[in-house]
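Thanks for coming, everyone. Let me put the structure up, and then we'll walk through it together.

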Amino acid sequence: MCNNIRVRFAPSPTGNVHIGNIRAAIFNWLFARHTGGKFLLRVEDTDLERSTPEAIKTLLESMEWLKLDYDEPVVYQTANVNEHLKAARKLLDSGHAYKSDKGGKGECIIFKMPSEGRLEYNDLVKGRMRKKAEDTQDFVIVRSDGSPVFHLANVVDDILQGITHVIRGDDHVENTFKHIELFKALGAQPPAYAHLPMIVNNMGKPYSKRDGSAFVGEFREQGYLPDALFNFLLLLGWAPGDDREIMSREEMIKAFSLDRCKASAARFDLKKLRWMNGEYIAAMPKDEFKKEFLRRVSDAGIPTEPLGCTVDDVIVPVQPRTKTFGDIPANCIYFFTEDYPFSEAAVAKRLKQPEAGRILEETASRFESIHDFTEEAAEDVIKELAEKYGGMGAVVHPVRVAVSGVSEGPGLFEMLRLIGKERTIARLRRAIPQTAL
RNA sequence: GCCCCUAUCGUCUAACGGUUAGGACAUCAGGUUCUCAUCCUGGAAAUCGGGGUUCGAUUCCCCGUGGGGGUGCCA
């Protein structure tokens, strides 16, 4: 039961966490949880300009939001600079590195790559990787200003943290040959490597902010659930092998393995994410949904008390229809205020009709005589009118638009009941001017 | 230019030499419903091209082509 598998997520805090990046974290986390190893977080904060406290806070929040817990205190790379430089001196002393002023910027330290033979390693995702030594080049490990370069810092930190498996993005494949040589030159055992394919846009280019939401925080803002995003990202480049798609964290942990990761890039499909998010929302406990629902309504500046019913009443028909929480204010505003907007398209299609005005007035006046405004009572009225005006649609549609401003939503009779008799009647009459052709 | 990787429906993917090439999202048609969402039924939809190896290739090899990554002071 005792293994010493140790993996890490090593982002540089830039203020935003890219989905490609967080996916690497997800795969690392799953690998650690599956194997019973340790998942560590290392913040590569050596870029002092971008690594602000706020950026680090954003990173940690994203991790927490996705429930990516780590097993040891966060390591900050800046704390290890002396170790990096010590390693550089060691490499200088052992003849693995040399000083040079090639670019004329001053003296830097360059690591010497093998000049002959073949470099190879076994990538847990991509398989056997090989490269002729003559196709590699020496590279800078300490800049002329004395600061360690990524390659050095990364490798030294991995040694310091005892990392056994490096699971990271595809863009590091070439670096791996360099890193392995560094490990060896420093007298350390290189870790195993697994390179995850990139997430690309529909042009096949790396997915960026230009392609839509690219950062964890944006999805959170738009009302995606962390579990849905997690699940969706996992399925980009990995599949359990059977037909399961929506899986619990436990199932994922149990099923995860690196050798089932794909080696080719995956396109980001927002439609599928939306669908999956809707599935997760539908499965949410009522009180959890209610909490987030109220937060969204409140943030939109809408009163949080429905006009004619309770929040719980509203939630019943709304939850199963919600794809993202960001859609909620626009979809439910008419339950909370008389100042609800009318969709132009809906008005044009349903209210600007020859008989619409008469239908609304007639519906209103018939509703007036209902004592107990139940769904059944409302339905009876509408059905009667439907016979007169040529079908349910002819009556239902204008009434729906009049009382809600939009052409879709909960069942009409349920909606009317929630809005209430007097308010419904008032809304119907108030909408009549809009039926003028 | 050179080096490395990669290639199954529109998209995400399954099929680790033998399947009518499966599932999901999206899409289309029909059913249910007052709309939307859900739900049910059905349809269309793929192995990049060319050579090999093999009794047999989506699967293995080679060559193209497309895409991605890298290429001495970004990470």
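Several elements each supply at least two residues of the surface near RNA strand B. Among the strands are β5 (108–111), β7 (127–132) and β12 (266–267). Among the helices are α4 (150–161), α5 (173–185), α9 (270–282), α16 (392–404) and α17 (412–419). The largest share comes from α16, with four residues. Keep in mind that this is a predicted model.

Now turn to the RNA side. Take the atoms of RNA strand B within 4 Å of the protein. Of those, 70% belong to sugar or phosphate, and the rest to bases.

Start at Gly106. One of its backbone N or O atoms lies 3.4 Å from a base nitrogen of RNA strand B. Next, Glu174. An N or O atom in the Glu174 side chain is 2.8 Å from a base nitrogen of the RNA strand. Last, Gly237. Here a polar backbone atom is 2.5 Å from a phosphate oxygen of RNA strand B.

As a general point, nonpolar side chains tend to be buried together in soluble globular proteins. The largest nonpolar core here has 106 residues. Which residues have the most contacts inside it? They are Ile22, Phe268, Phe293, Phe335 and Phe367. Helix α1, residues 19–35, gives the most to this core: 10 residues.

First, Phe268. Setting aside residues up to four places away in sequence, Phe268 touches Ile19, Ile199, Val200, Tyr207, Phe219, Phe232, Leu233, Leu236 and Leu273.

Second, Phe293. You will find Phe293 in helix α10, residues 286–299. Is Phe293 buried or exposed? Its relative accessibility is 0%, so Phe293 counts as buried. Again leaving out neighbours within four places in sequence, Phe293 is in contact with Val311, Val314, Ile315, Val318, Phe325, Ile328, Cys332 and Phe336.

How far apart are Phe293 and Phe268? In sequence, 25 residues. In space, 27 Å, C-alpha to C-alpha. Both are among the residues with the most contacts inside the largest core.

On to charges. Side chains of opposite charge can pair when their charged atoms come close. The count in this model comes to 35 salt bridges.

Here is one of them. Lys67 forms a salt bridge with Asp227, with the closest N and O atoms 3.4 Å apart. Lys67 lies in the loop between α2 (53–65) and β3 (75–76), and Asp227 in helix α7 (residues 226–234), so this pair ties together parts that are 160 residues apart in sequence. Lys67 is partly exposed, at 45% relative accessible area. Asp227 is partly exposed too, at 28%.

Another pair is Glu338 and Arg430. Their side chains meet in a salt bridge at 2.9 Å, N to O. Glu338 sits in the loop between α12 (328–332) and α13 (344–351), and Arg430 in helix α18 (residues 421–431), so this pair ties together parts 92 residues apart in sequence. Glu338 is partly exposed, with a relative accessible area of 28%. Arg430 counts as partly exposed at 43%.

Glu355 is partly exposed at 34%, and Arg358 counts as partly exposed at 49%.

Some salt bridges share partners. In this way Arg8, Arg42, Glu44, Asp157 and Asp158 join into one network.

Let's finish on Arg8. Arg8 is found in strand β1, residues 6–9. Is Arg8 buried or exposed? At 5% relative accessibility, Arg8 counts as buried, because the cut-off for buried is under 20%. Its side chain has a polar contact of 2.8 Å with the side chain of Asp158. A polar contact of 3.3 Å joins the side chains of Arg8 and Asn154. Beyond neighbours within four places in sequence, the contacts of Arg8 include Asn28, Leu40, Ile163 and Val166.

Note on methods
Residues are numbered from 1 along each chain as its sequence is written. Chains are lettered from A and ligands numbered from 1 in the order in which they are written. This is a predicted model: local features need pLDDT of at least 70, side-chain atom pairs count only at pLDDT 80 or more; totals for chains, interfaces and linings use all residues. Side-chain values use heavy atoms; hydrogens and water are left out. A nonpolar core is a set of buried Ala, Val, Leu, Ile, Met, Phe, Trp, Tyr and Cys residues joined through side-chain atoms within 4.5 Å. Buried means under 20% relative accessible area, exposed over 50%, partly exposed in between (1.4 Å probe, protein chains only). Contact means heavy atoms within 4.5 Å. A residue is near a molecule or strand if one of its heavy atoms lies within 4 Å of it. A polar contact is a pair of N or O atoms within 3.5 Å; within protein, one must be able to donate a hydrogen and the other to accept it, and residues adjacent in sequence count only if both atoms are side-chain atoms. A salt bridge is a side-chain nitrogen of Lys or Arg within 4 Å of a carboxyl oxygen of Asp or Glu.
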